[in-house]
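Here is a friendly walk through one protein model, strand by strand and helix by helix. Have a look at the structure first, and then we can go through the details together.

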Amino acid sequence: MLILGIESSCDDAAAAVLATDRPGVAEVRATAIANQDDVHRAYGGIVPELASRGHVVTIMPVIERALASANATLDDIGGIAVTRGPGLVGSLLVGLLCAKGIAQASGLPMVGVNHLEGHLLAPMLEHALPFPYLALVVSGGHTALFAVEDFGRYRRLGATRDDAAGEAFDKVAKMMGLGYPGGRIIDELSRSGDPKGVKFPRARVKNAPLDFSFSGVKTAVALFLAGERGGTTAPNDLAASFQEAVVEMLIRPTIAAARELGADTIALTGGVAANSRLRDRLAAAAEADGRRLVAPSFKYCTDNAAMIAIAGSYRLLRGERDPLTIDANPNLPL
Ligand code: KG4
Ligand code: ZN
């Protein structure tokens, strides 16, 4: 079955064509994405109204591009999987209404997908990944640990109490005047920096060893910058020290959760999963603990439609469909 995936929950409009006959075994035939970094850069963050207006213009061309590069037309497609939440409501509505229109006109079955479920299953696009596994989802909007027990069976073990890790990266980059989006810039700058250059706190959430907190280190960087009027610390040392603190605060609860769960495999996913230091150090920590780390390639770490297609494939392969009356839900629970 060929599945058309559609994703527009935040600032990227994406489409993908996925071939699958068995849940969890899939081949990505094509992906297409319209990125809006140039639109939001001037504001140093995502402006929701501009994001949804952008999607209105790009969503159909993106879908057409994905179909064309898969050498397919709608006649070849067996079902549509579309993100229905969580995310920005205006952004979500554009993709969802577009999917409904295509489903109505073609008669194809359509299923609504939870964006987080997409991130949790994204590692399956490239790796044979038997259930159960532990997933660390770490993006601009989410930082959480889940036990992935089966398709549709997810148990949240811990989450951030304040900022998402990606949000902390973006805010610190903005404070340092490095540009947008900040995660990748800090990652690159840190390569030449000393991670021990500046001492930043490693926060722990009291009585909740599997939860995270990143607002403290973000404030610590702000205070450091305010106190250091001469700017004598090299930006690469500052970036590397901040990054090291975030990475260590991600690793400790993850390894603790893997032990608690007895999980052999840890899947790392979400935009911050692209961070080279996090990938290296978490892989080493997992290995030292007798476990394996699985992380998708960059294009499946950040928001994409292939992960939405694989998340929707389970229900589509069973012949299920959602009514065309389903709504977007910005706070859709998993
Ligand atoms: O998953 P994603 O594309 O969108 C959300 O659902 O949030 O994640 C975007 C986030 C941004 O905060 C961005 O700064 C961060 O992922 N990011 C990184 C890196 N690449 C992207 N953070 C740290 N290091 C990177 N290399
Ligand atoms: Zn995401």
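The bridge partner of I80 in β5 is M110. Helices (H or I, at least four residues) and strands (E, at least two) are DSSP runs, numbered from the N terminus. V82 likewise stands opposite G112 in β5.

A word on conventions: this is a predicted model, in which local features need pLDDT of at least 70 and side-chain atom pairs count only at pLDDT 80 or more, while totals for chains, interfaces and linings use all residues. Residues are numbered from 1 along each chain as its sequence is written, chains are lettered from A and ligands numbered from 1 in the order in which they are written, and side-chain values use heavy atoms, with hydrogens and water left out.

**The sheet around β4**

β4 and β5 are part of an open sheet of five strands with the order β3-β2-β1-β4-β5 and mixed pairing. β3 (25–34) and β5 (110–114) stand at the edges with a single partner strand each, so one side of each has no neighbour in the sheet. From one strand to the next, the twist averages 25 degrees. On the other pairing of β4, five bridges join it to β1, and these two strands run parallel. There, I3 has G79 in β4 as its bridge partner.

How many of the nine residues of β4 are buried? Seven are, which leaves the strand mostly covered; buried means under 20% relative accessible area, exposed over 50%, and partly exposed in between (1.4 Å probe, protein chains only). In β5, five of the five residues are buried, so this strand is largely enclosed by the rest of the structure. M110, G112 and N114 point one way from β5, while V111 and V113 point the other way.

Helix α3 (residues 89–106) touches β1 (2–7), β4 and β5, and its direction makes about 155 degrees with that of β4. Helix α11 (residues 306–317) lies across β1, β2 (13–22), β3, β4 and β5, running at about 115 degrees to β4. Contact here means heavy atoms within 4.5 Å; axes are lines fitted to C-alpha atoms, for helices over the stretch in contact, and angles run from 0 to 180 degrees between N-to-C directions.

In the loop between β2 and β3 sits P23, which is partly exposed with a relative accessible area of 36%. Leaving aside neighbours within four places in sequence, P23 is in contact with F151, Y314 and L317.

**A second sheet and its helices**

Another five strands form an open sheet in the order β8-β7-β6-β9-β10, again with mixed pairing. Its edges are β8 (153–159) and β10 (292–294), each with a single partner strand, so one side of each is left without a neighbour in the sheet. Strand β9 (residues 265–269) pairs with β10 in the parallel sense over three bridges, and A267 stands opposite V294 in β10.

| Helix | Strands it lies across | Direction |
|---|---|---|
| α8 (residues 235–261) | β6 (133–138), β7 (143–150), β8 and β9 | about 160 degrees to β6 |
| α9 (residues 276–288) | β6, β9 and β10 | about 150 degrees to β10 |

Which helix packs with α5 (residues 165–175) at an angle of about 5 degrees? That is helix α7 (residues 215–227), and the two axes are 10 Å apart. This makes α5 roughly parallel to α7, a label given to angles under 35 degrees, with over 145 counting as roughly antiparallel, 65 to 115 as roughly perpendicular and the rest as oblique. K171, V172 and M175 of α5 meet K218, V221, A222 and L225 of α7 in this contact.

H115 and H119 both lie in helix α4 (residues 115–121), four residues apart, about one turn of the helix, and both histidines are buried.

Definitions and conventions: Two strands pair if DSSP finds at least two bridges between them.
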